[in-house]
Structure formats: C-alpha cells, structure tokens
Amino acid sequence: NWNLGRFVEEKIEEIRKQIGENRVLLAVSGGVDSTTLAVLLQRAVGDKLTAIFVDHGLLRMGEKEEVTEVLKRLGVNLVVVDAEERFLEKLKGVVDPEEKRKIIGHEFVEVFKEEAKKRGPFKFLAQGTLYPDVIESAASHTGMAAKIKTHHNVGGLPEELGFELIEPFRYLFKDEVRRIAEILGLPENIIKRQPFPGPGLAVRILGEVTRDKLELLRKADCILMEEIKKWEKYDEIWQSFAVLLPIKTVGVKGDFRSYEYVIALRVVKSEDGMTANFVEVPYEILGRIARRITNEVSGINRVVYDLTDKPPATIEWE
Ligand code: XMP
C-alpha cells in the first residue's frame, strides 16, 4: 500500500540521473508494460530515448496504428520499423510452433540490432521486466519450471551488445504498472490491453503462416473483439481471440457448396496466465460473432468455441 505517484516521480529523477548525457534504447510492443515504460522514460530524458516498434506483420487489425498514435501523441521519440516482408519470408513453409517462435525471436533481435547500430550509439537498454518475469526466469534457471513454450518477447535481447540494462518495473506487478500508466496519462485502450504473445498471430494460425491467412484471421479476430467488448463482463476476461485452423470443412453458402476454413474462438479467465478457465460467454453473443464472421469473412464457413481449461490445454493453440 505505497504511493505509486511518488514512485513515479522518484523513478523519473533516478533515471534522469542515471542516463545523464547518454542515450537509451527501448523496444515497444504495444503492450502495457513497454508502452508505459516508453512514456516514463520520455518524461525522464525526452529525446535521449529512442523507442523502436518492430512491425513483424503479425499484429492484429489496427494495432500498429493505435499504439504508434498514442506514443507519438505523448511525445515519445518513436521509430517504426516495417519488417513484415522479412518475417513472412523467414516463416515460409514453417509449421512447427516452436520453430516459428525461434525464427521470430531471432529475426526480431536482428532487426533490433540493425536499428541500434544505425541510430546509436546507445549506452542503455531499457526493458519492461516485471517481478513475476524475474521470478519465472530464476525458477527456470534452477530447473524448477517445466518449459512448455519458449517465450521470446524481447527476452532474447542481447546483453552481448554491451548495453547497461534499465529495468524500472523489476519489483512491480502488472496491476501496479497499469496504475502507473494511469498516472502517466495513458489512454484506457492501452491500460486495459489484454496480453498478446510476442510471436503474435503466427501462433494463432495453426500450420504455415501466409499473407492470406493473416488477413482472414485479422478480420475474424476484429469481429470477435468488437462484439465481446460490448458484453458487460468484458472486464473479467483475461484474453479473447480467434484462431485459424488448418482444415477446411464443407458448408453451404447461398445455393452452393463451400469448402472453407474453420475459426476457433478462445475466451479465458486467468490470474496470471499459468492456469486458466474458459469463459461462459452467452450463446447470444457467440452466435452473433459466428454469424458475422461467416457472413463478413470470405473463406470462413464454420466457427467453433473452445471449452477447455488450462491445464490440460494451453491458452494459445500453439
Ligand atoms: P499459454 O498458451 O502457454 O500462454 O497457456 C500463457 C500466456 O502466455 C502468452 N504466450 C506468449 N507470450 N510469447 C509471449 O510473449 C510467446 O511465445 C507466448 N506464447 C504464449 C499467452 O498469450 C498467454 O497470455
């Protein structure tokens, strides 16, 4: 029960002193943590911060625009790297989930390094590491946590580059970061953002990722979000998203037989992502989502709802 307003002011002062006349680099993903950190650093050192947003082409509809608009409006010195082509090229023909993660994580570090070189020199690298991340990685170093999925966020970001790390949120939990975001004047759409995996839609397109499939999934996912946000219990949801399955099923559209893809809807409650329960979304809402997706997204003729908890399933399908 301590004063976060004071914490923010003290951190700003501390970071300002630490950075001095040097420059600091930050990767922003659009999530609460990195976005809040970007704004905190901006308040502390202004344009001595360079924030890099890598668009890997695996983001949701409108996500890049939403995030970059906010950061620019709040005065963050932002570089947007359009790297879709590179990532999709590297992902061609890849179907294994862990392989996708590895490729995306690796490519991300490459892009980031190139930008750092081009725009440097930077003495510091800032990261939005939270306390649970610190504990989790300590646990995995001692072999306590069984590794289910490799989480390449910016975790792979190289200490080898010789940066000094700045991690102002190291002792904080997510709800505290959300409150700091509020104090710093970030808008609700950022503060309330659901967690989104680093590899993005690549792990929500089962099997090979293609441009066409990304487009289908983006449209379906956008419809799901539009409809579910209207639900009075939306705030209780941990994550809600669409998954594109790699199978086609037979259907009928108009007078014709169709043979098209299936979308699975996933809506879960969770405290920390480690365990989760599927949410009993009213049929009325699910039905509306299914009808809209099959009407509005050509290439989809069937929608199913995922009724599994974690465990035994995971939240993501890959
Ligand atoms: P799972 O699917 O393992 O997900 O039950 C637990 C939480 O982690 C997110 N997730 C990821 N986040 N990189 C990330 O940064 C990843 O590769 C990744 N895989 C899953 C997932 O969205 C959920 O919040």
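These legends accompany close-up views of a predicted model.

**View 1. Helices α1 and α2 cross in a right-handed sense.**
Here we look at α1, spanning residues 4–19, and α2, spanning residues 32–45, whose axes come within 8 Å and cross at roughly 65 degrees. On the α1 side, the contact is made by K11, I12, I15, R16 and I19, and α2 contributes L40, L41, R43, A44 and V45.

**View 2. G30 sits in the loop between β1 and α2.**
An unreviewed UniProt entry places a "binding site" feature at S29, G30, G31, V32, D33, S34 and T35. G30 counts as buried because 21 other C-beta atoms lie within 10 Å, and the cut-off for that label is 20 or more. Setting aside neighbours within four places in sequence, G30 is in contact with T35, E63 and V67.

**View 3. S34 belongs to helix α2.**
S34 is another position listed in that UniProt "binding site" feature. With 23 other C-beta atoms within 10 Å, S34 is buried. If residues up to four places away in sequence are not counted, S34 touches L26, A27, V28, S29 and G128.

**View 4. Strands β6 and β7 form a hairpin.**
Follow β6 (residues 239–253) into β7 (residues 256–269): the two strands run antiparallel and are joined by twelve bridges.

Methods: Residues numbered from 1 in each chain as written. Predicted model: local features only at pLDDT ≥ 70, side-chain atom pairs only at ≥ 80, totals over all residues. Pairing = 2+ DSSP bridges. Helix = DSSP H or I, 4+ residues; strand = E, 2+ residues; numbered from the N terminus. Axes fitted to C-alpha atoms, helices over the stretch in contact; angles between N-to-C directions. Left-handed = near helix turned anticlockwise from the far one by under 90°. Contact = placed C-beta atoms within 7 Å. UniProt positions renumbered as here; feature names shortened; annotations may be inferred. Buried ≥ 20, exposed ≤ 12 C-beta atoms within 10 Å, placed from the backbone.
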